[in-house]
Each structure stands twice: as structure tokens, then as C-alpha cells.
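Please look over the structure shown below.

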Amino acid sequence: MRILTLLAGAAIGYVLGARAGREKYEAIRTKASEIWDDPDTKAKVDQVTNAVKEKAPGVANFIKEKSPEVADKVKETKDSVTDKLGKHHPESDGDTGNASSGGSSSRPQSYHGSSNVAGTPAEDLPTPPPTSGESR
């Protein structure tokens, strides 16, 4: 079934993107119609449709059962990330990293968060250039 889907997708993509002219388009369209109207193709489509109809209620129930767990995990992760951002944000520990005293930075707080780029700790990432109104 995956190969049939791949071939159908490739044919559709080629038809939509072809620049070979009307004759090539018509030939591809005719072949796609032949494949789609083929009894074997229709049997596979029916088989997949029936399988989806059979499995859909179970999938829906599974999602209903697991969604509270997923929501709790997302909240825990959010709280964890928020805690880490608060610990690493320069304004939270009194070190503003610029010449202005007090005041808030116009940089997004998430820039100084615990996320990393290619395994680099956030503390080692370069500071972005100042925006207008921010001193160096």
C-alpha cells in the first residue's frame, strides 16, 4: 500500500509540476485514472478504509485515556523549563549583563534560557547585539 501511495503521489506531483506539455499531462492523467479505477486498487482502498473504521474508536478511546497524562507531563515540563529560565536569566540573579542599571532588557527572556544549540550550554552562547535604546 505504501508503494501505491508513493507512486500515486509521484504521479500527481509530476502532473502538477510537469512542463513537458499537454500530451505528457494527458498520458499521465490517463494512466493515473487506469490505476485508480483498477479493481486491485479499489480493493486495497476498501481494505484500508475498513481497517481505519475498525481501529478509529479504539484510537479515540486511547487518546481520551492518555490526554490527561500528556497534559500533566506538558505542565511538568513547562514548570521545569520555567524554573531553569528563571535560574539562568540575567535579570533574575541581579547581573543584567549591560551598562544600564535596573530597567528591563528588551531581549526575549527565552534567549538566556536553558535551551542549547548543538550541545552548547546557554551560558556559553553569545549575547545578541543590543536593540535600539539598549546600551552596550
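The sections below cover a helix residue, the salt bridges and a surface patch.

## Model and overview

The model is predicted. Five salt bridges are found when the whole structure is searched. Side chains of opposite charge can pair when their charged atoms come close.

Thr 41 belongs to helix α3, which spans residues 39-88. Is Thr 41 buried or exposed? Its relative accessible area is 7%, and Thr 41 is therefore buried, the cut-off for that class being under 20%.

Which residues touch Thr 41, leaving aside its neighbours within four places in sequence? The contacts of Thr 41 are then Leu 4, Ile 35 and Trp 36.

Helix α2 covers residues 22-37 and contains both Glu 26 and Arg 29. These two residues form a salt bridge, in which the closest N and O atoms are 3.5 Å apart. Glu 26 and Arg 29 are three residues apart, about one turn of the helix. Glu 26 has a relative accessible area of 24% and is partly exposed. Arg 29 is also partly exposed, with a relative accessibility of 43%.

Another salt bridge joins the side chains of Glu 34 and Lys 31, with an N to O distance of 3.8 Å. Both of these residues lie in helix α2 as well, and their spacing is three residues, about one turn of the helix. Glu 34 counts as partly exposed at 45% relative accessibility. For Lys 31 the value is 47%, which again counts as partly exposed.

Asp 79 and Lys 78 meet through their side chains in a salt bridge, at 3.4 Å from N to O. How exposed is Asp 79? The relative accessibility of Asp 79 is 27%, so this residue counts as partly exposed.

Which residues make up the salt-bridge network that includes Asp 79? The network links Lys 75, Lys 78 and Asp 79.

Methods:
Residues numbered from 1 in each chain as written. Predicted model: local features only at pLDDT ≥ 70, side-chain atom pairs only at ≥ 80, totals over all residues. Heavy atoms only, no water. Helix = DSSP H or I, 4+ residues; strand = E, 2+ residues; numbered from the N terminus. Buried < 20%, exposed > 50% of the residue type's maximum accessible area, 1.4 Å probe, protein only. Contact = heavy atoms within 4.5 Å. Salt bridge = Lys/Arg side-chain N within 4 Å of Asp/Glu carboxyl O.
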